[in-house]
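Keep the coordinates open while reading.

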Amino acid sequence: MIDQSDIWKKLQKRSQEVEDTTLKVLFEDKDRVKNFSITLDELFVDFSKNLITSAILDDLLELAKTAHLEEKREALFTGEKINTTEKRSVLHTALRDLHSEEVLVDDSDVLENIKKVQNKMEGFSDNIRKGVRRGHTGKNFTSIVNIGIGGSDLGPKMATEALRYYSQREMSFYFVSNIDSSAIDETLLRCDPERTLFIIASKTFTTEETMTNAFTAKEWLLNSLKDASAVEKHFVALSTNKDAVESFGISKENIFEFWDFVGGRYSLPSAIGLSLMISIGKDHFKELLEGYERVDSHFKTAPFEKNIPVIMALIGIWNNNFLSMHSQAILPYSEYLRFFPSYLQQLEMESNGKSVTKEGERVTYDTGQVIWGEAGTNGQHAFYQLLHQGTQKIPADFIGFKESLFNRSEHQKKLLAHFIAQTEALAFGKSKDEVESEGIESSLIPHKSFEGNRPSTTFLFQKLTPQSLGMLIALYEHKVFVQGVIWGINSFDQMGVELGKSLAKKIGQEIEEKRVFFKHDMSTQGLIEKVIEK
């Protein structure tokens, strides 16, 4: 395993050196920002406020080479079956490959089918936006309801909110995922049956949460329109199970395909992004793909020391495995990106929340970090107290934009001031001597002192556009891949999700029949009995 390598052991010694230094000392190097930042087009990434030195970074880069990252990266882009447990290629990058002539999987060009589905999406979304395609009674659609869960919900939900500035304002977009009936019922209260289009996103068309909500939506529609043929006008499916889709009442013309080589949490550029395309239009959707592709190209070609996803991944490993910082805050200073931390929770924690290697051996080191966050400046009045003065050091990614989309310069200046100030405060704090020099009462000095030395990375774009969003998502996708390679785990399955599902089916039967007939522990049995008792 990687922790048995000489370079891992060398990094463990390096971590002891860091305990004796501070960011204040490290910033005595006048070239620090120059040496610890990368520019990619309009994006500036400053990782100088992390607890690393040039020597540590060199060792981390050596760690990546020891893990054969270069060869693994090649395998990712060329369609090798790097998802070893499911024996699948991992080719979400093909979804946004706008310039290659072919991408082969098992000697078959997948780009041809991808382009076919994208063209179908473009035609469909254009017809919805222009009012060419209408509901059963001839009225335009004004409500688009995406019903899915996991990657079929988090991606389009996040991106539709992130790019709302570019949206078709005559339409409202809703995302239903929770099997809790209040999710679908509250949504339906806001919709007019004659003007509502439902997008059912389920690869197998058997996902319990999604199909329960889909059948509720179908019942609601038919109760109002009183004609079974209305389903064909008001429902489309993102699925591979054509028989189940047609059995539901959706015509085959309204099925949008996607593929096993695209995992759910990577599927936004596929048919799963249909709701987003309807919202922002095909041209802005293409700009999103261009942003993805720009980072894909950067990740494939940039030397590791100037490769943003590689550096992101290595800093994460340094913090997690060598400095014992097992949590990561995602702090976008944009209200539009308020769902981005939730999106990254799935991307990172479902991908790298693994405790065995690809070979099935129990890992002997930590993998993954707990990902969480909130849009700034809201978070400053919630959990930043812990970031600044808590007993845990939690690395933070700050994401900001120089320009306001609404040209509210006064708002933006204040937002950016907070954005930058927080990174400074976390890094350098405020010493007891500095507090004392302000004439603060002695009893309050410990309470008003900040030790600082808390790491952060800053991402600064010009403004939030479809292209910058695509770049941002791709950066984190490739970060996850790099970390998985170094940890020796499979970042592309999610078998830990399955156990709870299978147990829920058994318990569901017992609740339905109002009797316990499977074997459970005493606590679980008692809870079931409480639920079914009169």
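## Charge and surface

The protein carries 64 positive and 78 negative charges, and their mean positions lie 3 Å apart. The model behind these values is predicted.

## Overall fold

The protein has 21 helices and 13 strands. Along the principal axes, the C-alpha atoms occupy a box of roughly 75 × 60 × 60 Å.

Buried residues make up 52% of the 534. Take the pairs in contact that are at least 6 apart in sequence: 74% of them join residues at least 24 apart.

## Ser351 in helix α14

Ser351 sits in helix α14, which spans residues 340–352. Is this residue buried or exposed? Its relative accessible area is 0%, so Ser351 counts as buried. Beyond its neighbours within four places in sequence, Ser351 contacts Arg265, Tyr266, Gln346, Val480, Asn490 and Ser491.

The side chain of Ser351 also reaches the backbone oxygen of Leu347, at 2.5 Å. Gly263 is 88 residues from Ser351 along the chain. The C-alpha atoms of the two are separated by 9.9 Å.

## Thr357 in the following loop

Thr357 belongs to the loop between α14 and β11, where β11 covers 370–373. Its relative accessibility is 8%, which is under the 20% cut-off, so Thr357 counts as buried.

Which residues does Thr357 contact, leaving aside neighbours within four places in sequence? They are Met1, Val363, Tyr365, Trp487, Gly488 and Ile489.

## Ile128 in helix α6

Helix α6 runs over residues 110–130 and includes Ile128. Ile128 is buried, at 2% relative accessible area. Residues up to four places away in sequence aside, Ile128 touches Arg133, Phe141, Ile144, Met171, Leu197 and Ile278.

Lys430 gives a distance reference for Ile128. The two are 302 residues apart in sequence, and their C-alpha atoms are 56 Å apart in space.

## Asn146 in strand β5

Asn146 is part of strand β5, residues 143–147. With a relative accessible area of 0%, Asn146 is buried. Its contacts, not counting residues up to four places away in sequence, are Ser152, Asp153, Pro156, Tyr174, Phe175, Val176, Ile199 and Ser275.

How far apart in space are the C-alpha atoms of Asn146 and Thr204? The distance is 16 Å, across 58 residues of sequence.

## Gln12 in helix α1

Gln12 lies in helix α1, residues 6–18. Its relative accessibility is 38%, between the 20% and 50% cut-offs, so Gln12 counts as partly exposed.

Gln12 and Lys130 are 118 residues apart along the chain. Their C-alpha atoms are separated by 60 Å.

## Backbone exceptions

Most residues other than glycine have a negative phi, and most peptide bonds are trans.

- The peptide bond from Gly376 to Thr377 is cis, with omega near 10°. Thr377 falls in the loop between β11 and α15, the latter covering 384–389.
- Asn407 has a positive phi, near 55°. Asn407 lies in the loop between β12 (396–401) and α16 (409–428).
- Asn453 has a positive phi of about 65°, although it is not a glycine. Asn453 sits in the loop between α18 (445–448) and β13 (456–461).

Where does each asparagine stand on the burial scale? Asn407 has 69% relative accessibility, over the 50% cut-off, so Asn407 counts as exposed. Asn453 has 10%, under the 20% cut-off, so Asn453 counts as buried.

Notes
Residues numbered from 1 in each chain as written. Predicted model: local features only at pLDDT ≥ 70, side-chain atom pairs only at ≥ 80, totals over all residues. Heavy atoms only, no water. Helix = DSSP H or I, 4+ residues; strand = E, 2+ residues; numbered from the N terminus. Buried < 20%, exposed > 50% of the residue type's maximum accessible area, 1.4 Å probe, protein only. Contact = heavy atoms within 4.5 Å. Lys, Arg positive; Asp, Glu negative; His and termini not counted. Charge placed at Lys NZ, Arg CZ, Asp CG, Glu CD. Polar contact = N/O pair within 3.5 Å; in protein donor to acceptor, adjacent residues only side chain to side chain.
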